[in-house]
Structures are given as structure tokens and as C-alpha cells.
Amino acid sequence: MGLKKNILANYLGTGAIALAPILALPWYLQALGPQQFGLIGFITMLQALLGIVDAGTSQALVREFAVRFNTTESGRRDTASLLYGVERLYWVFAVLTGVAILLLSKTIATHWLVLEDLPLSTGTYAIYGAGLLFAVQFPGSVYRSLLVGTQAQIPLNVIMLAGALARHFGGVVVVQYWPTLSAYLLWQVAIGLLETLARGSMAWRTTGIKRKVLEWELQRLQPVWKTIAGLTGATWLGALTVQMDKIILSKMVSLQQFGYYTIAASIAIGALQLVYPLIQAVMPKAIQLRLDPIGLRKLSIKLFWLFAAFVTSGGLLFAVVGNWLLNLWVRDAAAVAAIYPVLSVLLVGTAMNALYNVGYINWLVVGKVDRMLKVNLAALVLSVAIIPPLVGRLGMIGAAFGWLAINLIGLIFSLEWLKRKRIEKQHASPTNVMKK
């Protein structure tokens, strides 16, 4: 599959995922009210936290599927055997974690959420929904990893596009007729399950191997454990750090304020997703260049300038029409007054995160897991240290400044790939060529 076609398909799929909830948001806010919408923001944050479990594993699996997959029977069977073993682990973990969340729902609602005048039962239902959503959506990640690694990105994005449209435009219709949190959650769970099943069906079709001809072979999973374990640890820290502003804020401010911050954060994350189609399409190519430092650096330079172009054009667009678009979209002057300054700071941090991804790809491809771990640990410690006092002093915008700071740390350290010129010259020297 061509790189340009994959990039186009990724933009269609990712664009739908990013834009659908943003376009649907005003209707959710109007139908459910600020407090119930704040609970949706909490559910979204909880999903992101639970997704940390998979953050490093999915990236490692993309690499492993890409290395194994080819058009030969042995390559397809090797890929299918890895999928066969890993998908069972994903489903078991998803169900067990979902049950654990259901059992802890009342405790979380009582001791974490600031419900104000909302009944405890409403907060408990929100946690129920978060648990069910995780149980039905989490296994879809392993199928996504296979489809990305095997470059079957067009069918993957067709499924993601259909799921995003059904989840959010259908969700708008649901809350217009049944303006309750429970109706919203039931719809989200149903669509999430259907999308996971569709991804699974496409993943197995891509391998060309039937499940019934495979057996559970633990030894096939052993070679990937080290890679998965290292990347998982590093990515857990990174994903937890990215969510730290919302974790702390959810404990320190009212649900209404948290809901406003969630709106700003949704836009910022949606903007960040504009670079993910490029990352997803380029990743298999970068993995192929893991033994060619010169080629990898050239690819990284091209990717960096593409990201820089996105950041610059997006910043100019927001400066010119951002406030007007926000008023047009939210249609609530008080909400816009609270959201706009927070969003401005979050977008600066988002721009840094986009540029940081170039270095992150290099670390992932060449296996510098220890570097990823150290940088993410430093950012986590910084976020825990500075966000609470910033929120205490500045309110919501203090959490946004915390987000900006941790992304600045990541960007600074990630730029080390620019210093590889000397190593590449040595790699290409006549002496090294003769040694090879």
C-alpha cells in the first residue's frame, strides 16, 4: 500500500475522530447541562488513564507485526500466531479491569468526584459507563496495531470513520430524545463494541489465517516481552504525565470548571491528532530504516518540517479567527470567556508535543527505551510538583501552564536526534564500509 494513500486515509479517519466529538460537543453540553457534561469529561479522562496500560504495548506490537508480516505463508502465519496469543490477553485484561471498575464505582464517585448537587447515583452511573467502555474498547487496540503494522490502514480508517460518525452524531440524536447520562453511555458502549468487533474481523482477514488452525504457543510471545515491557513502562509514564493536568484539576475545582477545561483540552488534543496520521503512515517506513541511520535522519528532517508547517499555520489561524470560531461553536459567552485563555496556553503545549514526536519516533525505532523512560519520568515529577500550586494560584489556566511545561521538557530532550550527523558520517566512512 502506497505511503501517500495511507496518509490520506489516516487523515480521513483521524479527522473524523478528532472533529466528530468537537462538533457534537455543543449539543451534548446543551442537552445534558454543565454538570453532567463534566461527568463525561471525567469519563473521558478515566478512559485515557486506563488506556495507559496499552500505550507502550500497542506501539511495540506495531513494530513486531511490521517486522513479521510479509506475503509468504510463514510470514502470515507468524503474524497470526502473535495476534492469536496477544488478543486473548487483551480480552481477559479488559473484562477483569471492567469488573474491577464496576466494583469500585461507588468509592470513586464518593471520594474523588466533586458532585455538588448531583446525586451520588449519577456519579456512580458515570463510573459504570467508564468500566463498560473500557471493557469493549480496549481489545480493539491490538487489532489496530496489526492493521497499522501490516499497512492495512485504509480499511482501518474506514472502520474508524464509521465508528466516529455513529458514536457522536448518533449520540447527539440520542441525548436530544433522552437527555440523560445513562442513555449517552449505553449508546457509546454499543458503538464501541461494534467497532472493536469490526476491527477484529478485518485484522484476521488481513493475516489470511483462520483462528481454528492456530494453537496457544507461549514461546511465540516470549521474544516480544522485553520490547513490550520496556516500551510499556516508558509510555505509561508519558501517558500519565499528559493526563496529570486533568487528574489534579478534577480534584481541585468544581465539575462546571472541569467541564470547561475539558472542552479546551478536547480541542487541543484534537489539534494534536492532526499529526498522528503522518506518524502512523511513516512508522512502518521508519522501522524499515532502523539499520540505516542516514536514511532515518533524512526521514526525520522531512517529518520535522512537516510538523513545523502544521504548527505555524495552525497558530496563525487560531490567532486570527480562534475567538470567533469558539463563540460560533460553543454559543455561550460565559463559557467562551473561561475556555479561550486556557485553550491558548494548551495549544502552545500541543505545538511542542507535535514537534517532540519526531524524536520519540527515533527513540522507538532504534530502541532507546531508557531515554524515553528518563524523559517521561522527569516530566511526571515536574508535573506533580508544579501543577497543584499553579492551580491553587491561577485556577484552570494553571493546569494549562503545567501541560505546557511538561511538553517543553519533552521537546528539549527529544531534539538529540539532530546531533547524529557525526555518527552518520562515521557510519558511512570507507573504513566502516570495508568492515561491512
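In which helix is the place of F169? F169 has its place in helix α5, where helices are DSSP runs of H or I with at least four residues, numbered from the N terminus. The model is predicted, so that local features need pLDDT of at least 70 and side-chain atom pairs count only at pLDDT 80 or more, while totals for chains, interfaces and linings use all residues. Residues are numbered from 1 along each chain as its sequence is written, and side-chain values use heavy atoms, with hydrogens and water left out.

**View 1. A nonpolar surface patch that includes F169.** L19, L23, L161, L165 and F169 together expose about 410 Å² of accessible area in this patch (Shrake-Rupley method, 1.4 Å probe, only the protein chains shown counting as cover for residues). Such a patch joins nonpolar side chains (Val, Leu, Ile, Met, Phe, Trp, Tyr) within 5 Å, from residues with over 30% relative accessible area and no salt bridge. Helices α1 and α5 (153-177) each supply at least two of its residues, and the largest share, three residues, comes from α5. F169 is partly exposed because its relative accessible area is 36%, between the limits for buried (under 20%) and exposed (over 50%).

**View 2. A salt-bridge network of R167, E195 and R199.** A salt bridge places a side-chain nitrogen of Lys or Arg within 4 Å of a carboxyl oxygen of Asp or Glu. Between R167 and E195 the closest N and O atoms are 3.1 Å apart, and this pair links distant parts of the chain, with R167 in helix α5 and E195 in helix α6 (residues 181-207), 28 residues apart. E195 also pairs with R199 at 3.0 Å between the closest N and O atoms, and these two residues lie four apart in helix α6, about one turn. E195 counts as buried because its relative accessibility is 9%, and R199 is buried, with a relative accessible area of 13%.

View 3. The volume of the largest pocket is about 850 Å³, taken as the space filled by probe spheres set on grid points joined across faces, edges and corners. On a 1 Å grid over the protein atoms alone, a pocket is an open set of points where a 1.4 Å probe fits, with protein on both sides within 12 Å along at least five of seven lines, and lining residues have an atom within 4 Å of a point. Of the 28 lining residues, I267, A271, L274, F318 and L347 are the closest to the pocket centre. Helix α10 gives the most to the lining, with 11 residues.

Methods: Patch = residues over 30% accessible without salt bridge, like charges linked within 9 Å, V, L, I, M, F, W, Y side chains within 5 Å. Buried < 20%, exposed > 50% of the residue type's maximum accessible area, 1.4 Å probe, protein only.
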